[in-house]
Amino acid sequence: VSGINTVTEFVLLSFPCSREVQVLLFMLFFVSYILTLMGNGAIICAVKLDHRLHTPMYILLANFSFLEICYINTTVPNMLGNFLSETKTISFTACFLQFYFFFSMGTTETFLLPLMAFDRYMAICRPLHYPTIVSNRLCMNLVALCWVTAFLCYPVPIYFITQLPFCGPNTIDHFLCDPGPLLALSCTSAPGIELSCSLLSSLIIFVTFFFILASYSLVLRAVLRVPSASGRKKAFSTCGSHLVVVSLFYGTLMVMYISPTSGNPAGIQKIVTLFYSSVTPLVNPLIYSLRNKDMKAALKKIQICTKTDQSE
C-alpha cells in the first residue's frame with residue numbers, strides 16, 4: 001500500500017484547542033472511559049456469576065456489554081493519546097485498521113440490537129414457544145453470526161479506499177479515521193466508492209432499524225392486550241430500556257451515514273460520532289441495570305461478595 005501512496009501517516013486534528021483545554025478533555029474522557037469499562041464489565045460479571053441470569057435475554061445483554069467495551073477500545077485510547085500528543089499522527093495502516101474495527105463493531109451493534117428486539121418479541125408475543133425456540137445455544141449461535149457477518153461487511157470497501165492515491169495534505173479534521181474525511185483527502189475523486197460506502201451503511205442501518213420497529217410494534221400491540229396493569233408495566237419496563245438504547249444509537253447513526261460523505265460540517269460530525277462511539281457505551285449499562293430488578297439484584301450480590309472478600 002505504501003508504494004502507491006505518498007502519504008505514510010495521517011494527522012488526526014481531534015479537538016483543536018489550547019493545551020490546558022486538551023488536558024481537561026483528556027481527564028474528562030479518561031474518567032468516562034474508565035466508567036464505561038467498569039459499567040459494562042459489571043454487567044458481564046453479573047450475568048456470568050448469577051445462574052438466574054443464564055437466559056437468552058441476559059446472555060444477549062452480556063454480549064452487548066462486551067461489544068461496547070471492544071467498541072470504545074477502537075477509538076478512545078487513541079483519542080486520549082492524541083490529547084497529550086504534540087504530533088497527533090496515526091500511521092496509514094493503523095488508520096485503516098481503526099476504520100475497519102470501528103465500522104465492524106458498529107455493524108455488529110446494528111445486528112445485535114434487532115436480535116435483542118426479536119428476543120423480546122418472542123418472550124412477550126410467543127411466551128409458550130419461547131423456551132423451546134429461543135434456547136441459550138441458539139442465542140449464542142446467532143450472536144456469533146452477528147459478529148462474523150459484521151466483520152465481513154467492510155474489508156472490500158476498505159481495500160478499495162486504500163488503493164486510492166493519497167498525495168497530501170494528510171490532516172483529518174476528526175478524532176478517528178472516518179470514511180468521509182478520508183475520501184476527501186484522496187487526490188482523485190472516487191464517487192463510486194463514496195456511493196457504495198453510503199449505500200452499504202444505509203442498507204445496514206435501515207434494514208435493521210425497520211426490523212426493530214416491526215418487532216416492537218408487535219410487542220406494543222401484545223402488551224396493550226395484557227389485562228393486568230403490573231404485567232403491562234413489567235413488559236414496558238423491559239422494552240423501554242432497549243428502545244432508549246436503540247433511539248440513541250440509530251438517531252446519531254442516521255445523522256452521520258445516510259448521506260454520501262455525510263455532508264455535515266466537521267464540528268457536527270465529531271460531536272455526533274462522539275455521541276454514539278463514547279456516550280452511548282457509557283449510558284447503556286445505566287439504562288439496562290437501573291430499570292431491571294434481576295440485574296440490580298445480581299449487581300448487589302457481586303458488591304456484597306466483593307466486600308466480603310476484602311474484609312477477609
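**Entry 1: disulfides**

I count a disulfide wherever two cysteine sulfur atoms lie within 2.5 Å. The model I am reading is predicted. By this rule I get 2 disulfides. Such a link is a covalent bond between the sulfur atoms of two cysteines.

I looked at cysteine 95 and cysteine 177. Their sulfur atoms are 1.9 Å apart, so by the 2.5 Å cut-off they form a disulfide. Which hand does this disulfide have? The torsion about the S-S bond is about -125°, so the disulfide is left-handed.

Next I checked where the two partners sit. Cysteine 95 is in helix H4, residues 92–125. Cysteine 177 is in the loop between strand E3 (171–172) and helix H8 (179–184). The pair therefore ties together parts that are 82 residues apart in sequence. Are cysteine 95 and cysteine 177 buried or exposed? Both are buried.

**Entry 2: the other pair**

I moved on to cysteine 167 and cysteine 187. They form a disulfide too, with sulfur atoms 1.8 Å apart. This pair links distant parts of the chain, 20 residues apart. Cysteine 167 is in the loop between helix H7 (155–162) and E3. Cysteine 187 is in the loop between H8 and helix H9 (191–224). I noted a relative accessible area of 35% for cysteine 187, which makes cysteine 187 partly exposed.

Then I numbered the bonded cysteines of the protein chain in sequence order. The pairing reads 1-3, 2-4.

How far is cysteine 17 from the nearest cysteine sulfur? That sulfur belongs to cysteine 177 and is 19 Å away. Cysteine 17 is in no disulfide. I found cysteine 17 partly exposed, at 35% relative accessibility. I also looked up cysteine 125. At 17% relative accessibility, cysteine 125 is below the 20% cut-off, so it counts as buried.

**Entry 3: aromatic rings**

I searched the whole structure for aromatic pairs and got 28. I describe a pair of rings by the distance of the centres and the angle of the planes.

I took phenylalanine 66 with tryptophan 147. Their ring centres are 5.9 Å apart. The planes meet at 40°, so I call the pair tilted. Phenylalanine 66 belongs to helix H2 (residues 56–73), and tryptophan 147 to helix H6 (residues 136–152). The two are 81 residues apart, so this pair links distant parts of the chain. Phenylalanine 66 is partly exposed at 43% relative accessibility. Tryptophan 147 is buried, at 17%.

I then took phenylalanine 99 with phenylalanine 103. The ring centres are 5.1 Å apart, and the planes are at 70°. That angle is over 60 degrees, so the pair is edge-to-face. Both residues lie in helix H4. They are 4 residues apart, about one turn of the helix. Phenylalanine 99 and phenylalanine 103 are both buried.

I also found a charge over a ring. Lysine 270 lies over the face of phenylalanine 15, at 5.7 Å from the ring centre.

**Entry 4: annotated spans**

I read the UniProt record, an unreviewed entry. Its "transmembrane region" annotation covers several spans, including residues 58–76 and 199–223. I checked those two against the model.

Residues 58–76 are 89% helix and 0% strand. Their end C-alpha atoms lie 26 Å apart.

Definitions and conventions. Residues are numbered from 1 along each chain as its sequence is written. This is a predicted model: local features need pLDDT of at least 70, side-chain atom pairs count only at pLDDT 80 or more; totals for chains, interfaces and linings use all residues. Side-chain values use heavy atoms; hydrogens and water are left out. Buried means under 20% relative accessible area, exposed over 50%, partly exposed in between (1.4 Å probe, protein chains only). Rings of Phe, Tyr and Trp (its six-membered ring) pair if their centres lie within 6.5 Å; planes under 30 degrees apart count as stacked, over 60 as edge-to-face and the rest as tilted. A charge sits over a ring if NZ of Lys or CZ of Arg is within 6 Å of the ring centre and within 35 degrees of the ring normal. UniProt positions are given in the numbering used here, feature names are shortened, and annotations may be inferred rather than shown by experiment.
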